[in-house]
Amino acid sequence: MTAIEGSRNPDLEFLLGEVAAAIQITPTQHKKASGHYHAVAKWLSDEGSPFAHLAIEIYPQGSMALETTVKPLDDRDFDLDFVCRISTTGWSADHLYAAVYNRLRDNDIYRPMLSMKKRCICLSYQGDFHVDIIPAVPNPNGVDADDTNILIPDRQISDWTHSNPKGFVTWFKKKSEVLTLKRAQADAQIHPLPKLTAVAAKPPLAVAIQLAKRMRDRMFGSHDDAPRSILLTTLAGHAYGGSESVLTAMHDIAKGVDTFATSDDHTLRNPTNPQELFSDGLTSSRIEKLQTLASELRSAVIRLSSTRGAPALQEELAKLFGERPAVIAVTKYGELLAERRENHTLTFGPTGLGVVTPAGASRVKPHSYYGG
Amino acid sequence: MRYRDSLLMSHQVLQMRATWSNLKVTLTRAKLVAVGSITPSGISQTYQVRLEYQWGASPKVYVDSPPLGRRALAPDTPIPHTYDDLEPGKERPCLFYPGADWNPAMSLAKTIVPWLMSWLLDYELWHATSKWLGGGIEHTKQSRRAS
C-alpha cells in the first residue's frame with residue numbers, strides 16, 4: 001500500500017482535472033469537427049450518391065467518442081476518426097473503399113483535401129485537424145447482440161478486417177464507472193456547492209488516460225514506436241479498480257501497462273471483438289516504450305502525491321504535462337478559492353479550508369485583506 | 001465596540017484549543033499566544049505560525065516557518081497584503097480591514113485562523129502564478145507600517 005492508495009486529496013484531484021481540461025480539444029474544435037462530419041455524412045447519403053438507397057450511419061470512434069482527447073503537441077493536426085457504416089452486402093473490401101473515396105472525390109470541396117490511408121480516407125482541414133473516415137459494413141457473422149461488430153477494408157491486404165469501435169466505447173464507459181459513492185455528491189446534499197465543472201463530472205479514468213497520453217506525447221513526440229492510444233486505453237480499462245481518484249487511476253494504469261509489457265503474452269484484443277487485434281505490430285521496441293511510460297507514470301504519481309506547496313506542485317505539473325496547462329490549473333484553483341470567499345461557501349475544519357469540497361460545517365466569515 | 005461586548009479571553013482560549021488542536025494556546029497577563037502548525041489545504045505546505053492577541057488590541061499573526069519571501073523572479077515586488085512589506089524578512093500577513101471585518105466580540109478560532117489559512121493559500125498561488133487572486137483593499141501610504 002502506498003500513500004497514493006490512501007485517502008483522496010480533492011484539491012490535488014481538482015488540479016489534475018483542470019490540467020486535463022486544458023489539454024483536451026476545445027468545445028469549439030469539437031463543434032467544428034461534428035459539423036464537418038455531419039456534412040460528410042450528408043454528402044455520402046444525398047441523392048446522387050451510390051449509397052443514397054442504403055442505410056448509412058456515421059459515428060465518432062476513438063478519443064472523441066471516449067472523451068479522452070488530447071491536443072497534439074507542436075503544431076501537429078488533431079486526428080478525428082469517424083466510422084461510416086454502410087448497410088450493404090456482397091461488396092468486396094476494395095470496392096467499398098473505392099466507392100466511398102470516389103463519392104468524396106466528386107465533391108469540389110473535398111477533392112483537394114483527400115488522401116488515402118491504410119484503413120481510412122483522410123480529409124485534411126487546413127491548419128486544424130484531420131478527419132479520418134473509416135468505411136465499414138456490418139459484420140454478417142457478427143455475434144454481438146447490439147450488432148456493433150463491423151468489417152473495414154484494409155488496403156494492404158485487399159480484404160476485410162474486424163473491428164468494433166462502438167462496442168469498445170460501451171465497454172470503456174462501463175469500465176470507467178466509479179465504484180464508491182462520490183464524496184463531493186454526498187457532501188453536496190448538506191452543503192450546496194457552486195456548479196461543478198464539466199471535468200469534475202468526468203470519470204477519473206478518462207482524466208487519467210488524458211494525462212497519461214500527454215505524458216506519452218511529451219516523452220516520445222511523434223516517434224513511430226510511441227505507445228498507441230488504443231493500447232493504453234484498453235490496458236487502462238482492464239486495470240482500473242473503480243477509484244474516484246484520478247491519481248489512483250493513474251497508478252492503476254501504470255500497473256496495468258507494466259504487467260502487460262513484462263508478461264510473456266503480448267496479445268491484446270478488442271474486449272468486444274476478439275478478432276480485432278489491438279496489439280498488431282507490437283515490436284520489442286514498442287513494448288520497451290510501454291514499460292518506460294509505465295515507470296514514468298508510477299513515479300509521477302508518487303511525486304504528485306508527495307509534493308506540497310502550490311509553487312512546487314505547479315512546477316511538477318509543468319514538467320509532466322506542460323507549462324501552460326499547469327498555470328491554468330493552479331489559476332483555476334485560486335479563482336475557485338476567491339469565488340468561494342466571495343459567495344461565502346468557503347468552509348473550514350481541522351484539515352484546513354474546504355476549497356474544492358467542504359472541510360467542515362463552519363463557514364469562513366467575510367474579510368478583506370488589507371495592505372498594498 | 002465596548003469591552004463588555006467582547007468575548008472573554010478565557011472563551012477565546014477554550015475555542016482556540018477546541019478548534020485547532022495543532023496550536024498550543026497560552027494566556028498570560030491578558031495576552032493570548034497561539035503557536036503551532038497549520039495546513040491551509042491539501043495542496044499547500046504546512047506552516048509554523050504564531051497568533052498574538054493582547055486584550056484591547058488587534059490580533060497579530062506571524063509566519064515563523066517556512067519564512068515568507070518575495071518571488072525569486074521579481075525580488076523588487078513586495079509580498080501583497082503584508083505589514084512591513086518593505087522590509088524583507090519582517091513581513092506579516094494583513095488579514096482584515098481594521099475596524100471593519102473584525103471586532104473583539106468575534107472568535108479568533110473562527111476568524112483569524114481560517115483567514116490566515118486563506119491568506120497563506122493566496123500567498124502560495126501568488127508565488128506560483130505571479131497573480132494575487134485573493135482580492136483585498138490597498139494600503140494607504142500612511143498606514144503601510146501600521147499594525
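Two strands are taken as paired if DSSP finds at least two bridges between them. In the predicted model considered here, strand S2 (residues 31-38) and strand S3 (residues 47-54) of chain B run antiparallel and are joined by eight bridges. Within this pairing, Leu32(B) stands opposite Tyr53(B) of S3(B). The two strands belong to an open sheet of four strands in chain B, with the order S1-S2-S3-S4 and antiparallel pairing. Strand S1 (23-28) and S4 of chain B form the edges, each pairing on one side only. Averaged over the sheet, neighbouring strands are turned by 15° against each other, direction ignored.

Chain B contains two helices and six strands in total, and from the N terminus its elements follow the order α-β-β-β-β-β-β-α. Both helices lie across strands of the chain. H2(B) lies across S1, S2, S3 and S4 of chain B, at about 140° to S3(B). Of the 147 residues in chain B, 49% count as buried. Among its contacts between residues at least 6 apart in sequence, 48% join residues at least 24 apart.

Nonpolar packing was examined next. In soluble globular proteins, nonpolar side chains tend to be buried together. In this model the largest nonpolar core has 104 residues, and those with the most contacts inside it are Leu211(A), Met250(A), Met16(B) and Leu51(B). H2(B) gives the most to this core, with twelve residues. When residues up to four places away in sequence are not counted, Leu211(A) touches Leu16(A), Val19(A), Ala20(A), Ile23(A), Val246(A), Met250(A) and Phe321(A). Another core lies apart from the largest one; it has 32 residues, including Phe82(A), Leu104(A), Leu123(A) and Ile133(A).

Aromatic contacts were then considered. A pair of aromatic rings is described by the distance of the centres and the angle of the planes. Over all chains, the structure holds 14 aromatic pairs. One of them, Phe51(A) with Trp91(A), is tilted, with 6.0 Å centre to centre and 40° between the planes. Phe51(A) lies in the loop between helix H2 (27-45) and strand S1 (56-61) of chain A, and Trp91(A) in the loop between strand S2 (78-86) and helix H4 (93-105) of that chain, so the pair ties together parts that are 40 residues apart in sequence. Phe51(A) has 0% relative accessibility and therefore counts as buried, the limit being under 20%. Trp91(A), at 23%, counts as partly exposed.

A further tilted pair is formed by Trp119(B) and Trp132(B), with 6.0 Å between centres and 55° between planes. Trp119(B) is in helix H2 (residues 112-129) of chain B and Trp132(B) in the segment after H2, 13 residues apart, and the pair links distant parts of the chain. Both Trp119(B) and Trp132(B) are buried. The two residues also belong to a cluster linked by ring pairs, together with Tyr369(A), Tyr123(B) and Trp126(B).

In chain A, the charged end of Arg103(A) sits over the ring of Trp43(A), 3.6 Å from its centre. In chain B, Arg92(B) lies over the face of Tyr62(B), at 5.5 Å from the ring centre.

Several backbone features of chain B were also recorded. The peptide bond from Ser65(B) to Pro66(B) is cis, with omega near -10°. Pro66(B) is located in the loop between strand S4 (60-65) and strand S5 (82-83) of chain B. Asp84(B), which is not a glycine, has a positive phi of about 55°. Asp84(B) lies in the loop between S5 and strand S6 (92-93) of chain B and is partly exposed, with a relative accessible area of 22%. Ser130(B), likewise a residue other than glycine, has a positive phi near 75°. Ser130(B) is found in the segment after H2 of chain B and, at 38% relative accessibility, counts as partly exposed.

How values were computed:
Residues numbered from 1 in each chain as written. Chains lettered and ligands numbered in written order. Predicted model: local features only at pLDDT ≥ 70, side-chain atom pairs only at ≥ 80, totals over all residues. Heavy atoms only, no water. Phe/Tyr/Trp six-rings, centres within 6.5 Å; stacked < 30°, edge-to-face > 60°. Buried < 20%, exposed > 50% of the residue type's maximum accessible area, 1.4 Å probe, protein only. Lys NZ or Arg CZ within 6 Å of the ring centre and 35° of its normal. Core = buried A, V, L, I, M, F, W, Y, C linked by side-chain atoms within 4.5 Å. Contact = heavy atoms within 4.5 Å. Axes fitted to C-alpha atoms, helices over the stretch in contact; angles between N-to-C directions.
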